[in-house]
Amino acid sequence: MVQAPRPPGNSAPISIARADRGRLGGMWLRGGVTTQPTGSGEPPGADHPPTSAAWSPPLWRVGLYALAGTAAALVAAVGPLAQRVGSLDAAGRLLVGVLAAGLWVLTLRDLLARPTLRVSPAGLDLVDGLRRRHLPWAAVLRVRAGTLTHNRRAVHLRTLEVETIDGPILLTRRQLGTDPGPVAEHVEEIRLRLG
């Protein structure tokens, strides 16, 4: 993030994403949020968050999935390597190959579905499964952070819950690349202001 020049009469700097970094620089590598200035014509000094932001998984994690998938595929494909790594028989090599395919699917999904969530003055753009959806603010009822719990296995999954007129949409922490709590607060504040 770079600090933009301060408008006359405004003591607070405006944080903007550097446009010349492209998709592989800045916040794209780390995941999390990128913001754009609004240009909404509000008076200087108005303490509102920017109305444009995006969240997605960090690229280093996507690269790690690709690297692990390639290593698993090599172990599954090369017999002597499979013997040396873990004394794998044919069934074990098949399972390692399935693992490699799963890691590559995660890699492709996280690369092609960037950003997972984008907030703009027109509404929300989000990835729901394998498709991208645009929801105008009128269709969004509430945005909040929640926890899905499976008591028997002690699994707690932090999620961003977007309640729409069609039903809820859940985005996980892994999909967003950051904790859903601050994301929910940011999006809900923008929704209340614009919606």
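**The sheet and its surroundings**

Tutor: The secondary structure of the protein comes to six helices and ten strands. The model is a predicted one, and its pLDDT averages 77, with 74% of the residues scoring at least 70. Residues 1–30 have a pLDDT below 50, although the model gives this stretch 49 contacts beyond near neighbours in sequence. Another stretch with pLDDT under 50 is residues 36–41, with seven contacts beyond four places in sequence.

Of the 195 residues, 39% count as buried. Taking the contacts with a separation of 6 or more, 50% are between residues 24 or more positions apart.

Now to the part you asked about. The sheet is open and has three strands in the order 8-9-10, paired antiparallel. Strand 8 (140–150) and strand 10 (167–172) are the edge strands, since each of them pairs on one side only. From one strand to the next, the twist averages 30°.

Strand 8 and strand 9 (residues 155–164) run antiparallel and are joined by ten bridges. Two of the residue pairings can be followed by name. Leu-148 has Leu-157 in strand 9 as its bridge partner. Thr-149 has His-156, again in strand 9, as its bridge partner. In a regular strand, side chains alternate between the two faces of the sheet.

Strand 8 and strand 9 form a hairpin with four residues between the strands, and in this hairpin Ala-154 takes a positive phi near 55°. Most residues other than glycine have a negative phi, and most peptide bonds are trans.

Helix 6 packs on this sheet, where it touches strand 8 and strand 9, and its direction makes about 165° with that of strand 8. Is Glu-188 buried or exposed? Its relative accessibility is 16%, and buried means under 20%, so Glu-188 counts as buried. Apart from neighbours within four places in sequence, Glu-188 is in contact with Arg-142 and Val-143.

Pro-121 is in the loop between strand 5 (117–120) and strand 6 (123–128). Leaving aside neighbours within four places in sequence, Pro-121 has contacts with Thr-51, Ser-52, Trp-137 and Leu-194. Pro-121 and Pro-136 are 15 residues apart in sequence, and their C-alpha atoms are 8.9 Å apart.

Ser-52, one of the contacts of Pro-121, has its place in strand 4 (residues 52–56). Ser-52 counts as buried because its relative accessibility is 16%. Between Ser-52 and Ala-122 there are 70 residues of separation in sequence and 9.6 Å in space, C-alpha to C-alpha.

Another loop, between helix 4 (90–112) and strand 5, holds Pro-115. The peptide bond joining Arg-114 and Pro-115 is cis, with omega about -15°.

The remaining items concern the helices. The axes of helix 2 and helix 3 (residues 79–86) come within 5 Å and cross at roughly 110°. That angle makes helix 2 roughly perpendicular to helix 3. Where they meet, Leu-74, Val-75 and Ala-77 are the residues in helix 2, and Gly-79, Leu-81, Ala-82 and Val-85 are those in helix 3.

An unreviewed UniProt entry lists residues 62–82 and 94–112 under "transmembrane region". In the model, residues 62–82 are 95% helix and 0% strand, and the end C-alpha atoms lie 25 Å apart. Residues 94–112 are 100% helix and 0% strand, with the end C-alpha atoms 27 Å apart.

To return to your part, then: the three strands in the order 8-9-10 form the open sheet, and helix 6 packs on it through contacts with strand 8 and strand 9.

Notes. Residues numbered from 1 in each chain as written. Predicted model: local features only at pLDDT ≥ 70, side-chain atom pairs only at ≥ 80, totals over all residues. Heavy atoms only, no water. UniProt positions renumbered as here; feature names shortened; annotations may be inferred. Helix = DSSP H or I, 4+ residues; strand = E, 2+ residues; numbered from the N terminus. pLDDT = per-residue confidence, 0-100. Contact = heavy atoms within 4.5 Å. Buried < 20%, exposed > 50% of the residue type's maximum accessible area, 1.4 Å probe, protein only. Pairing = 2+ DSSP bridges. Axes fitted to C-alpha atoms, helices over the stretch in contact; angles between N-to-C directions. Parallel < 35°, antiparallel > 145°, perpendicular 65-115°, else oblique.
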